[in-house]
Structure formats: structure tokens, C-alpha cells
Amino acid sequence: MLLRERHQIRADAFVELRIWRVPVPVRNSTHDYKYALAYVVAGHCVIRYNNEAGKGDHKHIGDMEMPYAFTTPAKLLADFWFDVDQWRLA
């Protein structure tokens with residue numbers, strides 16, 4: 001495990017960040033990281049980035065699911081926090 005953090009954003013909202021280095025890429029990913037990043041508001045996950053086996057790298061924003069172009073863990077975190085900030089400002 002490279003990163004495991006939980007940040008309370010508001011009384012009813014938090015972010016959970018988990019990134020692992022894995023010995024072989026997750027199926028349908030081309031890198032040696034597994035990740036699960038989530039922004040949860042009032043008990044509902046409204047933003048999620050992950051690379052579950054079989055689906056590869058993707059993200060969920062509200063009800064939409066779309067591919068995500070993973071490059072580095074630092075860029076992954078920057079992109080995730082950008083989406084969290086956009087959600088909070090909407």
C-alpha cells in the first residue's frame with residue numbers, strides 16, 4: 001500500500017484515497033498500480049476513480065462512468081481533487 005487516507009471535508013462528506021503498487025497490472029490496465037479513490041456525500045459515493053479487474057482505468061462522476069487515462073499516481077490525485085472541487089462548486 002502506497003497511500004491510505006481519509007479526509008473529512010464536511011460533517012456529511014469525506015474523501016477516501018487508496019493506492020497500491022501491484023506486482024502485475026490489474027486486468028485491462030497497463031501499469032503497476034491499483035487504486036480506489038472516492039468522494040462520499042451524505043452516504044452516497046458521488047465521485048469514484050478506480051481500476052477494477054476487467055474494466056481497467058475509469059471514473060464515475062454522479063451517474064456517469066467514463067474511461068480514465070492513468071499516467072502517474074500524482075496526476076491521478078490531481079485529477080481526482082479537481083473533480084471533487086468542481087462537484088463542490090456546482
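Which side chains meet in a salt bridge at 2.7 Å, N to O? I find K75 and D79. I work on a predicted model, where local features need pLDDT of at least 70, side-chain atom pairs count only at pLDDT 80 or more, and totals for chains, interfaces and linings use all residues. Residues are numbered from 1 along each chain as its sequence is written, and side-chain values use heavy atoms, with hydrogens and water left out.

**Entry 1: salt bridges**

My criterion is a side-chain nitrogen of Lys or Arg within 4 Å of a carboxyl oxygen of Asp or Glu. The count comes to seven salt bridges by this rule.

I returned to K75 and D79 and placed them in helix α1, four residues apart, which separates them by about one helical turn. For elements I take DSSP runs numbered from the N terminus: helices are H or I with at least four residues, strands are E with at least two. For accessibility I call a residue buried under 20% relative accessible area, exposed over 50%, and partly exposed in between (1.4 Å probe, protein chains only). K75 has 40% relative accessibility and counts as partly exposed, whereas D79 has 18% and counts as buried. I also noted that R6, E16 and R18 are joined into one network by salt bridges that share partners.

Next I looked up K59 and D83, whose side chains form a salt bridge at 3.1 Å, N to O. K59 is in strand β5 and D83 in helix α1, so this pair ties together parts 24 residues apart in sequence. Both K59 and D83 are buried.

Then I checked E65 and K55, which also meet in a salt bridge (3.1 Å, N to O). E65 belongs to strand β6 (residues 64-67) and K55 to the loop between β4 and β5, 10 residues apart. E65 is partly exposed at 42% relative accessibility, and K55 is partly exposed at 43%.

**Entry 2: aromatic rings**

I pair rings of Phe, Tyr and Trp (its six-membered ring) if their centres lie within 6.5 Å; planes under 30 degrees apart are stacked, over 60 edge-to-face, and the rest tilted. My search of the whole structure gives five aromatic pairs. One of them is Y49 with F80, edge-to-face at 5.5 Å centre to centre and 90° between the planes. Why does this pair tie together parts that are 31 residues apart in sequence? Y49 lies in strand β4 (residues 44-50), while F80 lies in helix α1 (residues 73-89). Y49 and F80 are both buried. F80 also pairs with W81: the centres are 6.0 Å apart and the planes at 70°, so I record this pair as edge-to-face. F80 has 0% relative accessibility, while W81 is partly exposed at 27%. Ring pairs link Y49, Y68, F80 and W81 into a cluster.

**Entry 3: strands**

I count two strands as paired if DSSP finds at least two bridges between them. Strand β3 (residues 33-41) pairs with β4 in the antiparallel sense over six bridges. I looked up V40 and found its bridge partner in β4 to be C45. The hairpin of β3 and β4 has two residues between the strands, and A42 in the turn has a positive phi of about 50°. On β4 I also find antiparallel pairing with strand β5 (residues 58-61), over four bridges. N50 has H58 in β5 as its bridge partner.
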